[in-house]
Amino acid sequence: MSDPLPREIRCVLVPVGNLRLLLPNATIAEVVTQSPPEPVSHAPDWLLGRIAWRGWRVPLVSFTQLAGTEEGDTELSVRVAVLKALGGNPKLPFIAVLTRGFPRLTTLNAELIIPTHDGTALPPGVRAHVLVRDDVAMIPDLEWIESELLSLLDDSDLAVPTESEQPVALSQPYDTED
């Protein structure tokens with residue numbers, strides 16, 4: 001017999017532009033200050049380049065440019081949310097997303113997430129539009145984003161770090177509650 005689905009899920013609302021990305025807490029590896037990205041040749045506007053993070057060269061995505069949403073309050077601090085990639089490709093274990101402000105931890109259940117999609121085509125990289133309490137949020141299509149990144153980046157852009165740059169293992173997901 002299988003275990004029942006959890007009644008509540010710990011999630012993170014990541015501010016991107018005027019909206020939030022709604023992600024499971026376990027998806028967030030770390031939130032860091034932005035460092036200048038290394039450019040990627042022939043990249044679309046939404047792929048800002050690669051950043052160095054814990055021995056990895058992680059692609060940095062601007063979700064506002066990808067999904068065509070407004071940039072929001074430019075006075076807020078720019079940070080980078082490093083997300084665990086879902087596809088299991090050892091050459092792309094992480095994806096970084098540009099964020100303004102700081103992600104907020106929340107616990108949700110099915111009653112607190114209200115779909116707001118009006119039936120029109122969703123922008124690239126967006127799986128759903130939802131209302132979470134008083135926040136308008138998007139659930140990103142991380143599988144699509146990862147697939148696009150794999151098709152855009154060549155093997156040298158995705159190379160696993162050398163032994164001198166061995167990545168740091170993560171023991172716990174990002175968490176703000178202690």
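Where in the chain does Thr27 sit, in terms of strand 2 and strand 3? Thr27 belongs to the loop between strand 2 (19-24) and strand 3 (28-33). The points below start with the whole model and come back to this residue.

1. **What you are looking at.** This is a predicted model, in which local features need pLDDT of at least 70 and side-chain atom pairs count only at pLDDT 80 or more, while totals for chains, interfaces and linings use all residues. Residues are numbered from 1 along each chain as its sequence is written, and side-chain values use heavy atoms, with hydrogens and water left out.

2. **The chain as a whole.** The protein chain has three helices and eleven strands; helices (H or I, at least four residues) and strands (E, at least two) are DSSP runs, numbered from the N terminus. Read from the N terminus on, the order of elements is β-β-β-β-β-α-β-β-β-β-β-β-α-α. Of its 178 residues, 39% count as buried. Here buried means under 20% relative accessible area, exposed means over 50%, and partly exposed is in between (1.4 Å probe, protein chains only). Taking contacts (heavy atoms within 4.5 Å) between residues at least 6 apart in sequence, 63% join residues at least 24 apart.

3. Two strands are said to pair if DSSP finds at least two bridges between them.

4. **Strand 7 and its partners.** Five of the seven residues of strand 7 (residues 94-100) are buried, leaving the strand mostly covered. Strand 6 (residues 78-84) pairs with strand 7 in the antiparallel sense over seven bridges. Among the bridge partners, Lys84 goes with Phe94 and Val80 with Leu98. Strand 5 (residues 56-61) runs parallel to strand 7, joined by two bridges, and Val61 stands opposite Val97.

5. Strand 9 and strand 10 form an antiparallel pair over three bridges, with Pro115 opposite Val130.

6. **Back to Thr27.** Is Thr27 buried or exposed? Thr27 counts as buried because its relative accessibility is 9%. Not counting residues up to four places away in sequence, Thr27 touches Val82, Leu83, Lys84 and Leu142.

7. **Arg127.** This residue is part of strand 10 (residues 126-132) and is partly exposed, at 44% relative accessible area. Arg127 and Ile139 are twelve residues apart in sequence and 5.5 Å apart in space, C-alpha to C-alpha. Beyond four places in sequence, Arg127 touches Leu122, Ile139, Pro140, Asp141 and Glu143.

8. **The cavities.** How many cavities of 30 Å³ or more does a search of the whole structure find? The search finds two. On a 1 Å grid over the protein atoms alone, a cavity is a set of points where a 1.4 Å probe fits but cannot get out; a pocket is an open set with protein on both sides within 12 Å along at least five of seven lines; lining residues have an atom within 4 Å of a point. The second largest cavity has a volume of about 30 Å³, and its lining includes Val61, Val97, Leu83 and Leu142. That lining has eight nonpolar, no polar and no charged residues.

9. **The largest pocket.** This pocket holds about 280 Å³ of space. Of its 19 lining residues, Cys11, Leu22, Leu23, Pro24 and Ile139 are the closest to the centre. Strand 2 gives the most to the lining, with three residues. By class, the lining has 13 nonpolar, two polar and four charged residues.

Key
Points joined across faces, edges and corners; volume = space filled by probe spheres on them. Nonpolar A, V, L, I, M, F, W, Y, C, P; charged D, E, K, R; others polar.
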